[in-house]
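Here is a short briefing on the contacts and links that hold the eye in this fold. Please look over the sequence and the structure first.

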Amino acid sequence: MVHLRSLSALTFLSVGLLTATTALAVDGVLELNQTCAISTGCTRGDDPGFPISIDGGDGRSYRLISDLLIGDANTTGIEIAQNADGISLDLNGFSIRGVTRCAATLEGFSCSPTGVGNGIRSAAELTHVHDGHIVGMGHNGIDTGVGSQIEGVAVRESGHTGFSLGSGAVVSHSTSIRNLRQGFSLAIGSVVNNCDSSYNGGTGY
């Protein structure tokens with residue numbers, strides 16, 4: 001066990017910087033915000049700039065404490081790594097906001113600009129996302145892996161699909177509005193409960 005008094009000044013400085021970068025809350029949940037995303041990186045494996053990368057190295061629980069503002073349609077807000085199974089992400093009532101806007105036109109329905117950026121993209125299994133908003137992403141609002149659970153999330157004005165779900169995913173009490181394609185794109189065994197899908201360019205489900 002290393003005691004604090006045995007640390008060199010350089011080591012102490014490094015520990016201080018790590019603590020500032022990974023703002024661990026009192027309850028053990030790592031807090032994410034616009035400032036750490038832009039300036040320092042929000043997790044140990046995260047470089048400054050979007051997307052915020054979550055690989056599970058700081059635990060399994062994360063929480064937004066501010067809106068995240070994404071400056072172009074090709075950038076993802078939060079990226080959860082493939083092997084980071086069981087991550088819980090509390091949007092905490094905040095929004096991930098991009099630059100895409102969608103509207104009905106005389107020719108049908110259009111969104112601009114579109115791109116490859118997602119609000120949240122998880123390649124992992126059993127991701128849990130809840131209680132917030134994703135607005136104006138260039139591609140999908142949420143793109144999740146196998147067995148994900150999404151609750152209380154409102155997605156609107158995505159340049160492709162509102163919710164793109166992996167197999168066995170469950171979405172409840174969520175809304176998908178004014179997206180260019182489908183409101184909810186379902187995989188084998190995925191389920192949508194008590195959700196609203198309306199004014200999308202494609203089918204609701």
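Contact here means heavy atoms within 4.5 Å. The model is predicted. A search of the whole structure finds six salt bridges and two disulfides. The largest nonpolar core has 34 residues.

**Asp143 and its surroundings**
- Asp143 sits in strand β12, residues 142–143.
- Leaving out residues up to four places away in sequence, Asp143 touches Asn118, Ile120, Arg121, Ser122 and Ser164.
- Its side chain also makes a polar contact with the side chain of Asn140, at 3.3 Å.
- Asp143 and Gly162 are 19 residues apart in sequence, and their C-alpha atoms are 8.6 Å apart in space.

**Salt bridges**
- Arg63 and Glu31 pair through their side chains, with an N to O distance of 3.5 Å.
- Arg63 belongs to strand β3 (residues 61–64) and Glu31 to strand β1 (residues 30–32), so this pair ties together parts that are 32 residues apart in sequence.
- Arg63 counts as buried, because its relative accessibility is 16% and the limit is under 20%.
- Glu79 bridges to Arg121, with the closest N and O atoms 3.0 Å apart.
- Glu79 lies in strand β5 (residues 78–80) and Arg121 in strand β10 (residues 120–122), so the pair ties together parts 42 residues apart in sequence.
- Glu157 forms a salt bridge with Arg156, the closest N and O atoms being 3.9 Å apart.
- Here Glu157 is buried at 8% relative accessibility, whereas Arg156 is partly exposed at 31%.
- Salt bridges with shared partners join Asp27, Glu31 and Arg63 into one network.
- Side chains of opposite charge can pair when their charged atoms come close.

**Nonpolar core**
- Which members of the largest nonpolar core touch the most other members? They are Leu32, Ile52, Ile78, Ile96, Val153 and Phe163.
- Elements giving two or more residues to this core are β1, α2, β2, β3, β5, β11 (128–135) and β13 (149–156).
- The largest share, three residues, comes from β13.
- Beyond its neighbours within four places in sequence, Ile96 is in contact with residues including Leu64, Leu68, Ile70, Ile78, Leu91, Ile120, Ile134, Val135 and Met137.
- The contacts of Ile96 also include Gly77, Gly119 and His133.
- In soluble globular proteins, nonpolar side chains tend to be buried together.

**Disulfides and cysteines**
- Cys36 is joined to Cys42, with an S to S distance of 1.9 Å.
- This link is right-handed, with 90° about the S-S bond.
- Cys36 is buried at 9% relative accessible area, and Cys42 is buried at 0%.
- Cys102 and Cys111 form a disulfide, their sulfur atoms 2.0 Å apart.
- The torsion about the S-S bond of Cys102 and Cys111 is about 115°, so this disulfide is right-handed.
- Cys102 and Cys111 are both buried.
- With the bonded cysteines of the chain numbered in sequence order, the pairing reads 1-2, 3-4.
- Cys195 is buried, with a relative accessible area of 18%.

**Thr43**
- Thr43 is in the loop between α2 (34–39) and β2 (52–54).
- Is Thr43 buried or exposed? Thr43 is buried, because its relative accessible area is 2%.
- The Thr43 side chain reaches the backbone oxygen of Ser53 at 2.8 Å.

Definitions and conventions
Residues are numbered from 1 along each chain as its sequence is written. This is a predicted model: local features need pLDDT of at least 70, side-chain atom pairs count only at pLDDT 80 or more; totals for chains, interfaces and linings use all residues. Side-chain values use heavy atoms; hydrogens and water are left out. Helices (H or I, at least four residues) and strands (E, at least two) are DSSP runs, numbered from the N terminus. Buried means under 20% relative accessible area, exposed over 50%, partly exposed in between (1.4 Å probe, protein chains only). A polar contact is a pair of N or O atoms within 3.5 Å; within protein, one must be able to donate a hydrogen and the other to accept it, and residues adjacent in sequence count only if both atoms are side-chain atoms. A salt bridge is a side-chain nitrogen of Lys or Arg within 4 Å of a carboxyl oxygen of Asp or Glu. A nonpolar core is a set of buried Ala, Val, Leu, Ile, Met, Phe, Trp, Tyr and Cys residues joined through side-chain atoms within 4.5 Å. A disulfide is a pair of cysteine sulfur atoms within 2.5 Å.
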